[in-house]
Amino acid sequence: ERVGDELDELIKNLEVLDISAHSEAAPAQVLPQDFEQRTAYFGSASAGYVQVISFSRLVATAQQADVLIVLYFRAGHYVVPGAREIAVYPREGLNEELKMEIQNAL
């Protein structure tokens with residue numbers, strides 16, 4: 001109870017953050033305009049709960065292949081093979097080697 005009371009007091013005394021002073025103009029669009037038309041989708045290599053995602057490995061893989069990789073899940077989610085849970089843009093950049101690299105990062 002004491003710890004809870006201390007936490008409540010700390011929260012009450014926090015300074016209000018003025019986000020307008022720190023925010024920059026948001027980009028007009030996060031994904032490319034033709035993302036849906038030029039994207040290949042696939043699923044994980046096996047069914048199960050995602051325990052770890054190596055984002056540094058995914059970023060390096062995407063940079064090397066000159067593609068955009070989008071995951072429609074996060075650690076803790078249940079994935080199945082064949083589902084449309086991983087996207088690669090543009091689809092022309094996707095090959096079996098890249099697919100395996102992405103799946104191995106999970």
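I began with the order of the elements, which from the N terminus on reads α-α-β-β-α-β-β-β-α. The model I am reading is a predicted one, and I keep that in mind for every entry below. Counting the elements, I find four helices and five strands in the secondary structure of the chain.

**Entry on the whole chain.** I looked up burial next, and of the 106 residues of the chain 27% count as buried. The accessible surface comes to about 8,100 Å², and carbon and sulfur atoms account for 53% of that surface. I also checked how far along the sequence the contacts reach: among those between residues at least 6 apart, 71% join residues at least 24 apart.

**Entry on H3 and H4.** How do the axes of helix H3 and helix H4 cross, and within what distance do they come? I find that the axes of H3 (residues 55-65) and H4 (residues 96-104) come within 9 Å and cross at roughly 165°. Angles over 145 degrees count as roughly antiparallel, and H3 and H4 are therefore roughly antiparallel to each other. The crossing in which H3 passes H4 is left-handed. I then listed the residues that make the contact, which on H3 are Arg57, Leu58, Thr61 and Ala65, and on H4 are Leu98, Glu101, Ile102 and Asn104.

**Entry on Gln103.** Staying with helix H4, I looked at Gln103, which has its place in that helix. Is Gln103 buried or exposed? Its relative accessibility is 15%, and buried means under 20%, so Gln103 counts as buried. Setting aside its neighbours within four places in sequence, I find Gln103 in contact with Phe42, Gly43, Ser44 and Ala45.

**Entry on Tyr89 and Pro90.** Tyr89 is found in strand S5, whereas Pro90 is found in the loop between strand S5 (86-89) and H4. I checked the peptide bond from Tyr89 to Pro90 and noted that it is cis, with omega near -5°. With a relative accessible area of 13%, Tyr89 is buried. Which residues does Tyr89 touch, if those up to four places away in sequence are not counted? The list I wrote down is Pro32, Asp34, Phe35, Arg38, Thr39, Val67 and Leu68. For Arg38 I also looked up the spacing: Tyr89 and Arg38 are 51 residues apart in sequence, and their C-alpha atoms are 6.2 Å apart in space.

**Entry on Asp34.** Asp34, one of the residues that Tyr89 touches, is found in the loop between helix H2 (19-22) and strand S1 (40-42). At 26% relative accessibility, Asp34 counts as partly exposed. I also compared its position with that of Pro90, and found Asp34 and Pro90 56 residues apart in sequence but 9.2 Å apart in space, C-alpha to C-alpha.

**Entry on Asp66.** Asp66 has a positive phi of about 55°, although it is not a glycine. With a relative accessible area of 66%, Asp66 is exposed, whereas Tyr89 in the entry above is buried.

Technical notes
Residues numbered from 1 in each chain as written. Predicted model: local features only at pLDDT ≥ 70, side-chain atom pairs only at ≥ 80, totals over all residues. Heavy atoms only, no water. Axes fitted to C-alpha atoms, helices over the stretch in contact; angles between N-to-C directions. Helix = DSSP H or I, 4+ residues; strand = E, 2+ residues; numbered from the N terminus. Parallel < 35°, antiparallel > 145°, perpendicular 65-115°, else oblique. Left-handed = near helix turned anticlockwise from the far one by under 90°. Contact = heavy atoms within 4.5 Å. Buried < 20%, exposed > 50% of the residue type's maximum accessible area, 1.4 Å probe, protein only. Areas by Shrake-Rupley, 256 points an atom, 1.4 Å probe, with all protein chains shown as cover.
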